[in-house]
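Keep the 3D view open as you read.

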Amino acid sequence: MKALSETVIKAALSSKLRGWSFDGIYITRNFKFKTFVNAFSFMTAVALEAEKMDHHPEWSNVYNRVTINLNTHDANGITQLDVDLAQSIDRLFDSYTEP
């Protein structure tokens with residue numbers, strides 16, 4: 001899979017990926033939950049989705065916060081797979097924040 005250009009990445013960030021940023025290496029988003037259990041449950045849901053896509057995030061968790069970094073190491077950059085996984089992650093997060 002080929003890495004996307006910075007222009008394409010920035011277009012995806014502005015049109016498809018709310019809350020994500022690009023630091024030149026990763027697309028990144030920070031998530032906050034009510035509790036550790038909510039955060040860990042979200043991570044479990046993301047892990048299952050990532051496994052289906054055979055694309056795995058770099059992430060960290062501290063209490064009720066989760067930080068996710070995505071890039072495709074084989075392509076040395078951001079690919080469509082990263083954008084697709086980020087969109088899936090956003091949908092999962094929405095299910096944790098609905099009233």
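A salt bridge here is a side-chain nitrogen of Lys or Arg within 4 Å of a carboxyl oxygen of Asp or Glu. With that in hand, look at Glu 49 and Lys 52, whose side chains meet in a salt bridge with an N to O distance of 3.7 Å; that is within the 4 Å cut-off, so the pair counts. Bear in mind that this is a predicted model. Both residues sit in helix 2, 3 residues apart, or about one turn of the helix. How exposed is each partner? Glu 49 is partly exposed, at 22% relative accessible area, while Lys 52 is exposed, at 68%.

By this rule there are 4 salt bridges. One of them joins Asp 94 and Arg 18, with the closest N and O atoms 2.5 Å apart. Asp 94 belongs to helix 3 (residues 80–97) and Arg 18 to the loop between helix 1 (6–15) and strand 1 (21–22), so this pair ties together parts that are 76 residues apart in sequence. Asp 94 is partly exposed, with 26% relative accessibility, and Arg 18 is partly exposed as well, with 41%.

Another salt bridge brings together the side chains of Asp 90 and Arg 29, at 2.6 Å from N to O. Again the link is between distant parts of the chain: Asp 90 is in helix 3 and Arg 29 is in strand 2 (residues 27–32), 61 residues apart. Are these two buried or exposed? Asp 90 is buried, with a relative accessible area of 5%, and Arg 29 is buried too, with 11%.

Strands of a sheet pair through backbone hydrogen bonds, either parallel or antiparallel.

Take the pairings in sheet order. Strand 1 and strand 2 run antiparallel and are joined by 2 bridges, with Ser 21 standing opposite Thr 28 of strand 2. These two strands form a hairpin with 4 residues between them, and Gly 24 in the turn has a positive phi of about 95°. Next, 6 bridges join strand 2 to strand 4 in an antiparallel arrangement; here Lys 32 stands opposite Arg 65 in strand 4. Finally, strand 3 and strand 4 (residues 65–70) are antiparallel and joined by 5 bridges. Arg 65 turns up again in this pairing, as the bridge partner of Val 62.

What packs on this sheet?

Which residues does Ile 68 contact, leaving aside its neighbours within four places in sequence? Among them are Trp 20, Ile 27, Phe 31, Phe 42, Pro 57, Trp 59 and Ile 89. The C-alpha atoms of Ile 68 and Thr 28 are separated by 5.6 Å, although the two residues are 40 residues apart along the chain.

Let's finish on the outside. Phe 36, Val 37, Phe 40, Val 62 and Tyr 63 form a nonpolar patch on the surface, with about 550 Å² of accessible area together. Which element gives the largest share of this patch? Helix 2 (residues 36–53) does, with 3 residues. Phe 40 lies in helix 2 and is partly exposed, with a relative accessible area of 46%. A residue needs over 30% to join a patch, so Phe 40 clears that cut-off. Val 62, another member of the patch, is the residue already met as the bridge partner of Arg 65.

Notes
Residues numbered from 1 in each chain as written. Predicted model: local features only at pLDDT ≥ 70, side-chain atom pairs only at ≥ 80, totals over all residues. Heavy atoms only, no water. Patch = residues over 30% accessible without salt bridge, like charges linked within 9 Å, V, L, I, M, F, W, Y side chains within 5 Å. Areas by Shrake-Rupley, 256 points an atom, 1.4 Å probe, with all protein chains shown as cover. Buried < 20%, exposed > 50% of the residue type's maximum accessible area, 1.4 Å probe, protein only. Pairing = 2+ DSSP bridges. Contact = heavy atoms within 4.5 Å.
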